[in-house]
Amino acid sequence: MKINKIISALAASALSISLLAGCGNSGSGDTPKVVKGKNGQDLQTLRLAVMTGNLDHYASYVGVEQGIFEKYGINLEITEYAFGINTIDAIANGNADVGDMADYAAVNRLGTTLDQTNLVMFSELNGGEIGDGGLYVAPEYENDLSKLDGSKGFVTQIGTVNEYLNSQAIAYLGLDESKQNIINTDSAQSALALAKSGDASATIASGSNAKYLEEVGWKLAVTSQDLGEVTGAYYFTSDSFIDKNTDLLANYLKAIDESYEYVNAHMDESTEYLEGKIGVKADDFKLQWKVQGFSTGFSEEAAQHLESIQKWAHDHGKYDSDYNVRDFIDTRAAKIAFPDKTTVKNTKK
């Protein structure tokens, strides 16, 4: 495999946004800061790191606006990051209490930090669903996918789920991955820029990203359904934080679940609010919301999905030591919040 370019369109900087007036910093260590709510009740501050454009990003803003988190005794502080892996860095650095990663990024991060990590997964965000979109190609390849062999390049983001999905697509096409040009980018915007300039051949895309590729003439060559590409996402925290704040995390899961349902029931209202609050285009929001799955709790199927990706990553030399992904699943909060949806077996706790 030849990683022949690194495209940087945007710095991977974080935009910190504190919600609820006067929330400030959340305190230090694993002891959440306590602030007063609108009705004078005590609220525990929970620092949430979100990947921009994920369902929990949107649902969190709406949930705060509607007082859902406050109802569950939570003062939610939200910080946005470019990628899921950045949210986990924030936990590791002590700047966040909760973050999320897609499946491949999760198993890769754990596999490369086995000796020093304190991370645990405490719930699904999306346990693993086949989404929309699939493999998009420049128009000159649409009618003969064999021409992709050794072409300008497959656009990906190394260390993220895109790397895994692109690898699966290359295998589906029957190509030798080691002989392909892999173009590493830092964002979907960078991938779109390459598509516009004619400097790439193919990429995996879905939702609004797929729409933008179609607008510049790229074609859907193989659907996600045909590729069998399944993507999941999982909530992370530190083992010490869940030890001391199990009930707080359980209440967070209840609140984010209720916030998600509120958006479903009030789509137009939520769309208008989010467009004004964070500038997300109404059409983009509705499309992303439609194609992304959402689930809380922790199913046995979600754990098995992680195991299959962990095996792929280890077999492809992404990290040296094999490991049991269930050793990094802690279901204590999920069992309190959603016992009927927490069916995973043989976990850490």
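Author: Gladly! One definition to begin with: axes are lines fitted to C-alpha atoms, for helices over the stretch in contact, and angles run from 0 to 180 degrees between N-to-C directions. Please keep in mind that this is a predicted model.

Reader: At what angle do the axes of H4 and H13 cross?

Author: The axes of these two helices, H4 and H13, come within 9 Å. They cross at roughly 60 degrees.

Reader: Is H4 parallel, perpendicular or oblique to H13?

Author: Angles of 65 to 115 degrees count as roughly perpendicular and those under 35 as roughly parallel. The crossing is at roughly 60 degrees, and that makes H4 oblique to H13.

Reader: Which residues of H4 make the contact with H13?

Author: On the H13 side, the contact is made by His305, Leu306, Ile309, Gln310, Trp312 and Ala313. The residues of the contact of H4 with H13 divide into six nonpolar, two polar and one charged. From H4, the residues are Asp103, Tyr104 and Val107.

Reader: And how does H4 lie relative to H5?

Author: Helix H4 (residues 103–112) and helix H5 (residues 161–172) have their axes 6 Å apart and pack at an angle of about 110 degrees. Since 65 to 115 degrees is the range for this class, H4 is roughly perpendicular to H5.

Reader: Which residues of H5 meet H4?

Author: H4 brings Asp103, Tyr104 and Ala105 to this meeting. The residues of the contact divide into four nonpolar, no polar and two charged. Those from H5 are Val161, Glu163 and Tyr164.

Reader: Is Ser60 buried or exposed?

Author: Ser60 has its place in helix H1 (residues 55–65). Its relative accessible area is 0%, and buried means under 20%. Ser60 is therefore buried.

Reader: How far apart in space are Ser60 and Ile256?

Author: Leaving aside neighbours within four places in sequence, Ser60 is in contact with Leu48, Phe69, Leu76, Ile78, Tyr252 and Ile256. Ser60 and Ile256 are 196 residues apart in sequence. In space, C-alpha to C-alpha, they are 6.5 Å apart.

How values were computed. Residues are numbered from 1 along each chain as its sequence is written. This is a predicted model: local features need pLDDT of at least 70, side-chain atom pairs count only at pLDDT 80 or more; totals for chains, interfaces and linings use all residues. Side-chain values use heavy atoms; hydrogens and water are left out. Helices (H or I, at least four residues) and strands (E, at least two) are DSSP runs, numbered from the N terminus. Angles under 35 degrees count as roughly parallel, over 145 as roughly antiparallel, 65 to 115 as roughly perpendicular and the rest as oblique. Contact means heavy atoms within 4.5 Å. Ala, Val, Leu, Ile, Met, Phe, Trp, Tyr, Cys and Pro count as nonpolar, Asp, Glu, Lys and Arg as charged, and the others, Gly among them, as polar. Buried means under 20% relative accessible area, exposed over 50%, partly exposed in between (1.4 Å probe, protein chains only).
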